[in-house]
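User: I would like to learn how to read the domain contact and the ligand site in a model like this one. Could you take me through them step by step?

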Amino acid sequence: MAEPLFRRLALLGIGLIGSSLARRARAGGDLAGEIIAYAPSEATRARVLELGLADRVEADPARAVAGADGVLLCAPVGAFAGLAEAIAPHLARGAILSDVGSTKQSVLRDVGPHVPAGVHFIPGHPLAGTEHSGPDAGFATLFEGRWTLLTPPPDTDAAALARLTEFWRRCGAMVKTMDAAHHDRVLAIVSHLPHLLAFTICGTADDLADESRQEVLEFAASGFRDFTRIAASDPVMWRDVFLNNREALLEMLARFTEDAQAMARAVRWGDGAYIEDKVERGRKIRRGLIELKQA
Ligand code: NAP
């Protein structure tokens with residue numbers, strides 16, 4: 001068995017993502033010698049102990065990071081600035097400070113200025129998740145075969161980056177490093193815009209008159225159902241993602257709106273070739289995903 005990468009790993013926030021990491025760390029001894037968890041609510045802290053996900057839970061993030069050589073922020077991204085400010089004076093020299101947040105420029109902006117000298121700050125984002133949340137929702141294999149993107153600032157220590165990369169590899173992830181701004185643009189199109197569309201379409205359906213709303217539910221298998229799965233995601237998490245990737249999301253939404261207008265024009269004028277071409281492109285993208293085993 002490989003030595004644990006971190007002697008003491010602190011997870012600040014332990015819902016779907018944090019508890020999946022904790023479960024993976026518990027399943028093998030190769031990630032963390034000891035796990036300390038912080039969650040603001042008493043209910044989550046009690047549940048984490050019941051599930052045996054951590055050796056210790058703390059109600060104070062500063063106590064959770066004391067003596068930790070690995071610290072991962074696993075809370076909604078809107079909470080990162082406050083968490084960073086609270087833990088900064090208590091971070092151990094040489095520790096790696098990372099996160100799993102869905103936006104990355106905001107993490108550089110909100111956490112970066114608080115990081116003390118001698119602490120290795122390397123933001124990250126596992127592209128793995130479900131629509132479920134909370135410590136019961138996690139599972140040890142969540143990251144297997146999925147990408148984790150790391151967005152190290154330019155002066156990042158190579159050994160710290162290698163250690164964090166190895167952490168995610170041991171979770172079963174494929175790891176890539178990229179620039180935070182690039183990450184945010186890519187994620188705006190592959191994740192944030194689809195969620196925005198799903199929340200919107202569910203709202204549109206819900207606004208329909210009562211009798212149509214009943215039929216929406218009864219006949220949902222026609223396509224609507226797939227949107228409802230995405231739309232079942234956590235409201236706080238998604239509020240924070242939208243507000244912290246504002247520019248890229250609005251840019252992708254503007255492009256989408258133009259393309260949707262072009263489709264509307266094709267429908268209005270009976271341009272069947274245009275419609276067929278768009279559907280064919282969609283099928284191609286789906287086939288590509290299946291080939292890459294990301295479907
Ligand atoms: P989650 O299941 O809702 O868990 C969130 C955790 O953060 C809980 O332990 C919660 O504690 C804690 N928390 C909530 N508000 C907080 C605050 N103001 N300060 C400190 N802690 C707070 O969320 P998740 O799905 O694991 O998401 C966590 C992070 O991963 C987010 O940044 C998200 O963008 C990112 N992410 C999510 C997915 C996904 O598909 N869900 C995928 C990749 C990355 P309590 O239970 O005590 O409230």
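Analyst: What follows goes through the domains, their contact, the salt bridges and the ligand site. This is a predicted model, in which local features need pLDDT of at least 70 and side-chain atom pairs count only at pLDDT 80 or more, while totals for chains, interfaces and linings use all residues. Residues are numbered from 1 along each chain as its sequence is written, and side-chain values use heavy atoms, with hydrogens and water left out.

User: Into which domains is the chain divided?

Analyst: Domain bounds come from an automatic or database domain assignment. Here the chain is divided into domain 1, residues 6–178, and domain 2, residues 182–291, and their C-alpha centres lie 30 Å apart. Counting contact as heavy atoms within 4.5 Å, 18 residues from domain 1 and 15 residues from domain 2 take part.

User: How much area do domain 1 and domain 2 bury between them?

Analyst: Buried area is the accessible area (1.4 Å probe) that two parts lose on being put together, summed over both. Domain 1 and domain 2 bury about 1300 Å² between them, with 62% of it on carbon and sulfur atoms. On the domain 1 side, Ser102, Glu131 and Met178 supply 39% of the area buried against domain 2, more than any other three residues.

User: Which side chains meet in a salt bridge, and how many salt bridges does the whole structure hold?

Analyst: A salt bridge is a side-chain nitrogen of Lys or Arg within 4 Å of a carboxyl oxygen of Asp or Glu. The whole structure has 19 salt bridges, and the count between domain 1 and domain 2 is one. Glutamate 131 and arginine 229 form a salt bridge at 3.3 Å, N to O. Another salt bridge joins arginine 47 to aspartate 136, with the closest N and O atoms 2.6 Å apart.

User: Which residues are closest to the ligand?

Analyst: A residue is near a molecule if one of its heavy atoms lies within 4 Å of it. By that rule 26 residues surround the ligand, and the closest are Ser41, Thr44, Ala75, Ser102 and Gly134. In the side chain of serine 41, an N or O atom is 2.7 Å from an oxygen atom of the ligand. For leucine 16, a backbone N or O atom lies 2.8 Å from an oxygen atom of the ligand, and for isoleucine 17 a backbone N or O atom likewise lies 2.8 Å from a ligand oxygen atom.

Note on methods
A polar contact is a pair of N or O atoms within 3.5 Å; within protein, one must be able to donate a hydrogen and the other to accept it, and residues adjacent in sequence count only if both atoms are side-chain atoms.
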